Amino acid sequence: MNTKERKRIAILGSTGSIGTQALQVIAEHSDLYEAYVLTANNNVELLVEQARSFLPEAVVIANEEKYVQVRDALADLPIKVYAGADALCQIVQEKPVDIVLAAMVGYAGLRPTMNAIRAGKTIALANKETLVVAGELINRLADEYHADILPVDSEHSAIFQCLAGEVSPIEKIILTASGGPFRTLTLEQLAMVTKEQALKHPNWSMGAKITIDSASMMNKGFEVIEARWLFGVAPEQIQVVVHPQSIVHSAVQFADGAVKAQMGMPDMRLPIQYAFSYPLRLKSSFERLDLFRISELTFEQPDTHRFRNLSLAYEALRRGGNMPCILNAANEVTNRAFLEDRIGFLQMSDVIETVMQKAPFVASPTYEDYMQTDAEARRIATNCIA
Ligand code: NAD
Ligand code: MG
């Protein structure tokens, strides 16, 4: 039993969009939470600034070339400094850590999250790619090591909040999607969009990778897969509904036809804070929802003809095995290529579909299979683009 007063939080990816907002939550509730570990990939300047202000036990910089820079910048403080991917995997297992906020981006989040689960830590999960790639394995590990996985993704937090107090099964999940910046564009227009346009999300300010995934609807496809593993529902029980105002964060329908939705202003600090404080709710300074100001909530069918990634994700989920891992790897490569102006917006789906056809299928993958699959799918995707 934890008799300490403050919960100690390790943030994987503290310099990112989720990481910095998590630190705002911790600062607002410094009587309850402590930033025990901060980590970043490359951003030395911000990591050092965060460490100076939050005084964690340790920091990890994933890029080993930056180790000396971080160490020297913090030399006057009693903060341990480590570097490298293995250090990330070890630090999450440290005994005093209560909660690991998995807020790294992409496949790189899988291994440290698995290690945190093996140490029985509570996982506040933002890194959806972990569940997309290896949802079944993650659930098995979480059962075995009695680790709780609490969703941070706003839609999944909404569903989780709707389930509080319920003991009856879910009939259907209504997963809302903003539709992104290109919701109303024709296919001809989509063929011409630039990364600058894609990076302007109408409702959320997020890291570049997830912002592109939102524009291409791959983010929603990933969230369908994430919901399948978090809530144990079949793909047919998950309905995506486009809701441009991003006020209804998602909803659950039960056997009697009742639908419970969670609403609020789009602000990731609320789901982050709920994952930290669950099952309690803490007072917050976040902007309150004023329905008169919103005045209109609208809902549309998603268009999988214009946004093919959504169908590709459903297909990957239905085929199972390593197919979602293939989907994720191909998407990471195409997402990066689009951000570097090496491929067009619509070509991303073409490449992903090709990789799903070409990469070897494994029905019951082990962790080693996932590593091989990830590498092989990236190779095929890279060749496809070249
Ligand atoms: P971001 O790009 O803003 O931040 C990513 C963080 O991870 C940074 O701190 C970076 O230093 C670190 N990082 C990146 N690659 C790494 C590596 N190889 N090794 C170690 N650290 C690495 O991303 P974000 O928007 O904060 O998203 C983080 C995760 O949360 C993603 O999986 C995303 O899908 C998910 N998520 C984000 C939001 C959001 O509002 N930003 C909402 C829902 C889910
Ligand atoms: Mg989301």
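Let me start with a question: how many nonpolar, polar and charged residues are there in the lining of the second largest pocket? By class, that lining has seven nonpolar, six polar and four charged residues. Here Ala, Val, Leu, Ile, Met, Phe, Trp, Tyr, Cys and Pro count as nonpolar, Asp, Glu, Lys and Arg as charged, and the others, Gly among them, as polar.

Quick housekeeping. This is a predicted model, where local features need pLDDT of at least 70 and side-chain atom pairs count only at pLDDT 80 or more, while totals for chains, interfaces and linings use all residues. Residues are numbered from 1 along each chain as its sequence is written, chains are lettered from A and ligands numbered from 1 in the order in which they are written, and side-chain values use heavy atoms, with hydrogens and water left out.

Back to that pocket. Its volume is about 260 Å³. Of the 17 lining residues, the closest to the centre are Leu-270, Arg-281, Ser-284, Phe-286 and Arg-288. Strand S11 (259-263) and H12 are the elements that give two or more residues to this lining, and H12 gives the most, with four. Helices (H or I, at least four residues) and strands (E, at least two) are DSSP runs, numbered from the N terminus. A pocket is an open set of points on a 1 Å grid over the protein atoms alone, with protein on both sides within 12 Å along at least five of seven lines; a cavity is a set where a 1.4 Å probe fits but cannot get out, and lining residues have an atom within 4 Å of a point. Points are joined across faces, edges and corners, and the volume is the space filled by probe spheres set on them.

Now the cavity. The structure holds one of 30 Å³ or more, and the largest cavity has a volume of about 70 Å³. Helix H7 (154-163) gives the most to the cavity lining, with three residues.

Pro-279 lies in the loop between H12 and helix H13 (291-294).

S11 also has a partner: strand S10 (248-254) pairs with S11 in the antiparallel sense over five bridges. To count as a pair, two strands need at least two bridges found by DSSP. Ser-250 has Gln-262 as its bridge partner in S11. The two strands form a hairpin with four residues between them, and Gly-257 in the turn has a positive phi of about 95°.

On to the sheet. Seven strands form an open, parallel sheet in the order S4-S3-S2-S1-S5-S6-S7. Strands S4 (80-83) and S7 (149-151) are at the edges with a single partner strand each, so one side of each is left without a neighbour in the sheet. S3 (58-61) and S4 pair over four bridges, and Ala-58 has Lys-80 as its bridge partner in S4. Leu-55, in the loop between helix H2 (44-54) and S3, has a positive phi near 45° despite being a residue other than glycine.
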